[in-house]
Amino acid sequence: NLGALGMLALAFVVIVLSTSPAVACVQGAAYAQAAATCQSIFPANWSCAYEGELLSSLSHNCTYGLTILALCNVSDATLCDGDRVLTVPLKCAYCYQLPANQSTCTQSTTCDVRDRTTLPVETCTMLPDVLCLGSRVFPMRKPCNWSSGLRWSTTLILSIVLGGFGAERFYLGQTGFALFKFFSFGGLGVWAVIDIYLSAVAYLSPSDGSALLNS
């Protein structure tokens with residue numbers, strides 16, 4: 001009858017789909033994920049705490065610099081084999097107290113590299129494999145160090161070849177100085193020679209406050 005034929009057709013479709021490459025690929029990917037050891041994916045999908053408080057807490061009680069032990073648990077939704085609870089040693093220090101090479105920071109593009117008295121505030125984020133106390137994202141004052149892409153070598157070449165016309169000043173965005181130098185024929189040559197020296201020692205810099213690339 002039609003009901004029996006419909007059931008047979010539905011069973012056939014299920015068998016075909018279960019043996020298709022797409023389904024086999026998905027099943028294989030799930031198996032591969034399940035076969036991975038929990039420690040091999042640490043610290044992704046793990047939650048760590050010290051003395052019952054999450055590492056992100058700001059009220060830890062430990063002696064700075066000493067090694068402490070954090071208790072870490074992998075989330076139930078993560079497919080992996082092996083121990084799902086780890087005891088991990090780490091330094092008693094808040095994230096902002098760790099070396100700079102253990103975090104990445106956004107560079108300010110509004111500061112002036114020539115101003116060494118004012119340090120811009122950058123937003124820093126800890127690297128994923130670094131464990132630390134407190135917030136993993138924090139503000140940090142750092143020396144201004146950004147570039148708009150202008151190069152020291154180009155500045156020097158322009159100063160030597162076309163310095164009498166203020167070419168290096170135009171290149172650096174110093175339009176006022178450039179026009180004055182152009183109409184004075186490089187200050188009758190004297191200004192042109194001085195600017196060659198200033199370009200060679202990287203004293204001249206872009207008007208936007210950025211640093212010249214050292215190439």
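Me: Is F180 buried or exposed?
Reply: F180 has a relative accessibility of 57%. Buried means under 20% relative accessible area, exposed over 50%, and partly exposed in between, with a 1.4 Å probe and protein chains only. F180 therefore counts as exposed.

Me: Where do the residue numbers start, and on what basis are features counted?
Reply: This is a predicted model, in which local features need pLDDT of at least 70 and side-chain atom pairs count only at pLDDT 80 or more, while totals for chains, interfaces and linings use all residues. Side-chain values use heavy atoms, with hydrogens and water left out, and along each chain, as its sequence is written, residues are numbered from 1.

Me: How many helices and strands does the chain have?
Reply: Helices (H or I, at least four residues) and strands (E, at least two) are DSSP runs, numbered from the N terminus. From that end, the elements run α-α-β-β-β-β-β-β-β-α-α-α-α-α. The count is seven helices and seven strands.

Me: How many aromatic pairs are there?
Reply: Rings of Phe, Tyr and Trp (its six-membered ring) pair if their centres lie within 6.5 Å; planes under 30 degrees apart are stacked, over 60 edge-to-face, and the rest tilted. By this rule, the number of aromatic pairs is six.

Me: Which helices does the pair of F180 and W191 link?
Reply: These rings form a tilted pair, 5.8 Å centre to centre with 50 degrees between the planes. W191 counts as buried at 17% relative accessibility. The two residues are 11 apart in the chain, and the pair links distant parts of it: F180 in α5 (residues 175–183) and W191 in α7 (residues 190–200).

Me: How are α5 and α7 oriented to each other?
Reply: Axes are lines fitted to C-alpha atoms, for helices over the stretch in contact, and angles run from 0 to 180 degrees between N-to-C directions. The axes of α5 and α7 lie 10 Å apart at an angle of about 135 degrees. Angles under 35 degrees count as roughly parallel, over 145 as roughly antiparallel, 65 to 115 as roughly perpendicular and the rest as oblique. The two helices, α5 and α7, are therefore oblique.

Me: Which residues make the contact between α5 and α7?
Reply: Contact means heavy atoms within 4.5 Å. On the α5 side the contact is made by F177, F180 and K181. On the α7 side it is made by W191, A192 and D195.

Me: Over the face of which residue does R169 lie?
Reply: R169 belongs to helix α4 (residues 167–171) and counts as buried at 8% relative accessibility. A charge sits over a ring if NZ of Lys or CZ of Arg is within 6 Å of the ring centre and within 35 degrees of the ring normal. R169 touches, among others, K181, W191 and D195. At 5.2 Å from the ring centre, R169 lies over the face of F177.

Me: How far is L213 from S153 in space?
Reply: L213 lies in the segment after α7 and is partly exposed at 29%. Leaving out residues up to four places away in sequence, L213 touches S147, G149, L150, R151 and W152. L213 and S153 are 60 residues apart in sequence, and their C-alpha to C-alpha distance is 8.3 Å.
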